[in-house]
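Here is a short report for a reader who is new to this structure. Follow it with the sequence and the 3D view side by side.

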Amino acid sequence: MESRSLPVPDGLAGERADAAIARLLGFSRTFAAEVVDSGGATLDGAQLAKSDRLIAGSWLEVSWTPKSEPSIVPALVPGFAVVYDDDDLVVIDKPVGVAAHPAVGWDGPTVLGALAGAGFRISTSGAAERAGIVHRLDVGTSGLMVVAKSERAYTELKRQFHDREVDKIYHAVVQGHPDPFSGTIDAPIGRHPSSSWKFAVTAGGKPSVTHYETLEAMRSATLLEVHLETGRTHQIRVHMAAQRHPCVGDLLYGADPVLATRVGLERQWLHAMRLGFRHPGTGERVDFETEYPADLQHALDVLRDD
């Protein structure tokens, strides 16, 4: 049995219990509903039903039994696109709501499940449920990912990511206007001191470096191009929130829920826009680029019209 106890953040006030727990703990909505239905969630000591609404500042306690070891479930995933494919690797454009690989507590779609459903075969060492995964994007982040299909590609791509030889370019829309408009955030990131599912800038964290440049300043937000020198979990989200400019829609890291609703976002405005590396088979440089998905483009259009 696992459990978490935490205050309800302001951004989730009024949310249904199952939806809020899913967002807070990284569960699928289905699994969160199962936990609540089984009596695993209380608010200020009172049993919750999945349709109950949460109150900001109230104390939420959640207990659940982890599911058995995850496995890859082949599936056709709407919006999942293959950008490039050869014998060594496949580059995909991951839609929002898709995890990189199966995990306990997640029963939604995965990149590996989508590839299996499309007939792709991954032949690499390591845990079967993570085969070929050399880097990850958050469930709520869309954009480009590369998956190794061969053993040599897996080894070489892991090395390139480790040695910081891969170009990872993101676009992010953040609240307000960063000062300066372009710069570098060099601040260590570790587990949040009071929230095990979040990360934060902490003195004992791992070195983390984010370079950003303003592409467009709007009345209430700024479109940034972000280059990651390191690749920590939630790095862009944590670094921008630490500057008091969270990604629009990122309620977990302090974004304005009113603004998120106004622009129609249910996730952070963050997209893995470009990806470049040396091909593990040929040694030649390869670069890939994608476009904004519909929800991010709509939010950007609304912000531009302010």
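Tyr 170 touches residues from several stretches of the chain in this predicted model. Leaving out residues up to four places away in sequence, its contacts are Leu 137, Thr 141, Leu 224, Glu 225, Val 226, Leu 228, Ile 236, Leu 270, His 271, Ala 272 and Met 273.

Tyr 170 belongs to the largest nonpolar core, which has 29 residues. Together with Val 111, Leu 115, Val 226 and Ile 236, Tyr 170 touches the most other members of this core. Seven elements each supply at least two of its residues: strands E6 (89-94), E7 (142-148), E8 (167-175), E13 (221-228) and E14 (270-278), and helices H3 (111-117) and H5 (235-242). Which helix gives the largest share of this core? The answer is H3, with four residues.

A second core is separate and holds 25 residues. Leu 6, Ala 32, Leu 48 and Leu 54 are among them.

**Strand E14 and its partners**

Is E14 mostly covered or mostly open? It is mostly covered, with seven of its nine residues buried. E14 pairs with E7, E8 and E15, as the table shows.

| Pair | Sense | Bridges |
|---|---|---|
| E7 and E14 | parallel | two bridges |
| E8 and E14 | antiparallel | six bridges |
| E14 and E15 (residues 285-289) | antiparallel | five bridges |

Individual partners can be picked out along E14. Ser 142 stands opposite His 271. Ala 172 has Leu 270 as its bridge partner. Arg 278 faces Arg 285 of E15. E14 and E15 form a hairpin with six residues between the strands. In this hairpin, Gly 283 takes a positive phi near 80°.

**Thr 230**

Look next at the loop between E13 and H5, where Thr 230 has its place. Is Thr 230 buried or exposed? Buried means under 20% relative accessible area. Thr 230 has 3% relative accessibility, so it counts as buried.

Its side chain makes two polar links. One reaches the backbone nitrogen of Val 209 at 2.9 Å. The other joins the side chain of Thr 230 to that of Gln 235, also with a polar contact of 2.9 Å. Not counting residues up to four places away in sequence, Thr 230 touches Arg 164, Lys 168, Pro 207, Ser 208, Val 209 and Gln 235.

**Aromatic pairs**

How many aromatic pairs does a search of the whole structure find? It finds three. In one of them, the ring centres of Tyr 84 and Phe 288 lie 5.4 Å apart, and the planes meet at 45°, so the pair is tilted. This pair links distant parts of the chain: Tyr 84 sits in strand E5 (residues 81-85) and Phe 288 in E15, 204 residues apart. Tyr 84 is partly exposed, with a relative accessible area of 28%. Phe 288 is buried, at 11%. Ring pairs also link Tyr 84, Phe 277 and Phe 288 into a cluster.

Trp 269 and Tyr 292 form another pair. Their ring centres are 5.0 Å apart and their planes stand at 80°, so this pair is edge-to-face. Trp 269 lies in the loop between helix H6 (257-263) and E14, while Tyr 292 lies in the loop between E15 and helix H7 (294-304). The two are 23 residues apart. Trp 269 is buried, with 0% relative accessibility. Tyr 292 is buried too, with a relative accessible area of 19%.

**The four-stranded sheet**

An open sheet of four strands runs in the order E1-E4-E2-E3, with antiparallel pairing. Which strands are at the edges? They are E1 (2-7) and E3 (46-47), each of which pairs on one side only. E1 and E4 are joined over six bridges. Within this part, Pro 7 has Trp 59 of E4 as its bridge partner.

Two helices pack here. H1 lies across E1, E2 and E4, running at about 80° to E4. H2 packs on the sheet and touches E2 and E4, and its direction makes about 100° with that of E4.

The buried residues of H2 (residues 29-37) are Phe 31, Ala 32, Ala 33, Val 35 and Val 36. They pack against helix H1 (17-25), strand E2 (41-43) and strand E4 (59-64). Just after H2, Gly 39 takes a positive phi of about 85°.

Terms used: Residues numbered from 1 in each chain as written. Predicted model: local features only at pLDDT ≥ 70, side-chain atom pairs only at ≥ 80, totals over all residues. Heavy atoms only, no water. Buried < 20%, exposed > 50% of the residue type's maximum accessible area, 1.4 Å probe, protein only. Contact = heavy atoms within 4.5 Å. Core = buried A, V, L, I, M, F, W, Y, C linked by side-chain atoms within 4.5 Å. Pairing = 2+ DSSP bridges. Polar contact = N/O pair within 3.5 Å; in protein donor to acceptor, adjacent residues only side chain to side chain. Phe/Tyr/Trp six-rings, centres within 6.5 Å; stacked < 30°, edge-to-face > 60°. Axes fitted to C-alpha atoms, helices over the stretch in contact; angles between N-to-C directions.
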